[in-house]
Amino acid sequence: MSGKVIPILSGRRSFLTRLSAGVTAFTAAVVTGGAAEGQSPAGARWQPERHETDDWLDKLPGKHRMVFDTTTAAGFGEAILFANNFMAANQSGYAVPDDALAIVIVARHNSTAFAYNHAIWAKYGLPLSLRTNFTDPKNRQAPKVNLYNATDYGVQLPNRGTTLDALAKRGVHFAVCQMATRGIAGALADVAGGNTDAIYNELVANIVTNARMVPAGIVAVNRAQERGYSFVGA
């Protein structure tokens with residue numbers, strides 16, 4: 001009788017031992033798996049990917065960084081004004097000189113045309129005026145120069161007399177949307193006749209001082225923020 005009891009108890013203990021071990025392993029797997037899926041490794045932190053195309057943003061000297069995003073004619077003028085105010089306040093309130101500030105004004109969508117120089121506006125002023133819904137406040141006609149680089153308009157324009165050249169001399173840079181420029185070139189080709197590629201190259205060759213073409217203005221805004229630039233929408 002006793003000979004039969006011992007194997008039964010031994011078998012039961014063995015079964016319970018295996019069951020307990022299985023439950024423990026299963027629980028550990030669930031807990032570990034949940035932590036792996038729901039949590040980042042200790043100390044892990046998201047970092048944006050860097051692209052060589054955007055390295056120019058880090059090459060601008062400056063302890064303080066600001067990017068202005070513009071999409072309209074008025075917005076571009078306001079960005080010029082705000083950039084000037086930013087430099088003036090840093091100088092008067094903090095004794096921070098212009099060369100300690102990295103400032104980029106992005107021209108995209110309907111502000112892109114204002115990153116082109118006088119020669120482009122003299123040649124294509126009418127279609128650019130229609131495209132941007134912008135006229136000379138003195139005569140309500142299509143401008144024949146880039147008015148944001150004119151010195152005799154003062155408070156009649158949103159930039160209140162501060163010009164593109166004046167900002168460029170103080171170290172401000174301009175990022176010009178390539179996609180919008182391509183669209184403008186196509187529109188000018190339709191209206192004035194000519195080849196889209198040729199007009200595109202003409203526009204690119206006639207951007208204002210301290211300006212550079214970027215793949216897209218909206219991307220430049222994103223990349224600037226990823227590299228530590230504070231954002232201002234104008």
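User: In which loop does asparagine 206 lie?
Analyst: This is a predicted model with residues numbered from 1 along each chain as its sequence is written, where local features need pLDDT of at least 70, side-chain atom pairs count only at pLDDT 80 or more, and totals for chains, interfaces and linings use all residues. With helices (H or I, at least four residues) and strands (E, at least two) taken as DSSP runs numbered from the N terminus, asparagine 206 sits in the loop between α7 and β4 (211–214).

User: How far apart are the C-alpha atoms of asparagine 206 and histidine 118?
Analyst: Leaving out residues up to four places away in sequence, asparagine 206 touches (heavy atoms within 4.5 Å) Ala115, Tyr116, Asn117, Ala119 and Ile120. Histidine 118 is 88 residues from asparagine 206 along the chain.

User: At what angle do helix α6 and helix α7 cross?
Analyst: Picture α6 as residues 178–192 and α7 as residues 196–204. Their axes (lines fitted to C-alpha atoms, for helices over the stretch in contact, with angles from 0 to 180 degrees between N-to-C directions) come within 8 Å. The crossing angle is roughly 125°.

User: How do α6 and α7 lie to each other: parallel or oblique?
Analyst: Angles under 35 degrees count as roughly parallel, over 145 as roughly antiparallel, 65 to 115 as roughly perpendicular and the rest as oblique. Here the axes cross at roughly 125°. That's why α6 and α7 are oblique.

User: Which hand does the crossing of α6 and α7 have, left or right?
Analyst: Look at the near helix: turned anticlockwise from the far one by less than a right angle is left-handed, clockwise is right-handed. When α6 passes α7, the crossing is right-handed.

User: How many nonpolar residues are in the contact of α6 with α7?
Analyst: On the α6 side, the contact includes Ile184, Ala185, Leu188 and Ala189, and among the α7 residues are Ile199, Tyr200, Leu203 and Val204. Sort the contact by class (Ala, Val, Leu, Ile, Met, Phe, Trp, Tyr, Cys and Pro nonpolar; Asp, Glu, Lys and Arg charged; the others, Gly among them, polar). There are four polar and two charged residues, and the nonpolar count is eight.

User: Which α4 residues make the contact with α6?
Analyst: Helix α4 (residues 118–132) and α6 have axes that come within 10 Å and cross at roughly 120°, so the two are oblique. The crossing is right-handed. On α6 the contact uses Gly183, Ile184, Ala187, Leu188, Val191 and Ala192, and on α4 it uses Tyr124, Pro127, Leu128 and Arg131.

User: Which α7 residues does α4 meet?
Analyst: The axes of α4 and α7 are 10 Å apart, at an angle of about 140°, so this pair is oblique too. From α4 come Ile120, Lys123 and Tyr124, and they meet α7 at Ile199, Glu202 and Leu203.

User: Which are the edge strands of the sheet?
Analyst: Five strands form an open sheet with parallel pairing, in the order β4-β3-β2-β1-β5; to pair, two strands need at least two bridges found by DSSP. The twist averages 25° from one strand to the next. Pairing on one side only, the edge strands are β4 and β5 (230–233).

User: What is the bridge partner of phenylalanine 174 in β4?
Analyst: Strand β3 (residues 173–177) runs parallel to β4, and four bridges join them. Across these two strands lies α6, at about 55° to β3. For phenylalanine 174, the bridge partner in β4 is alanine 211.

How values were computed. Heavy atoms only, no water.
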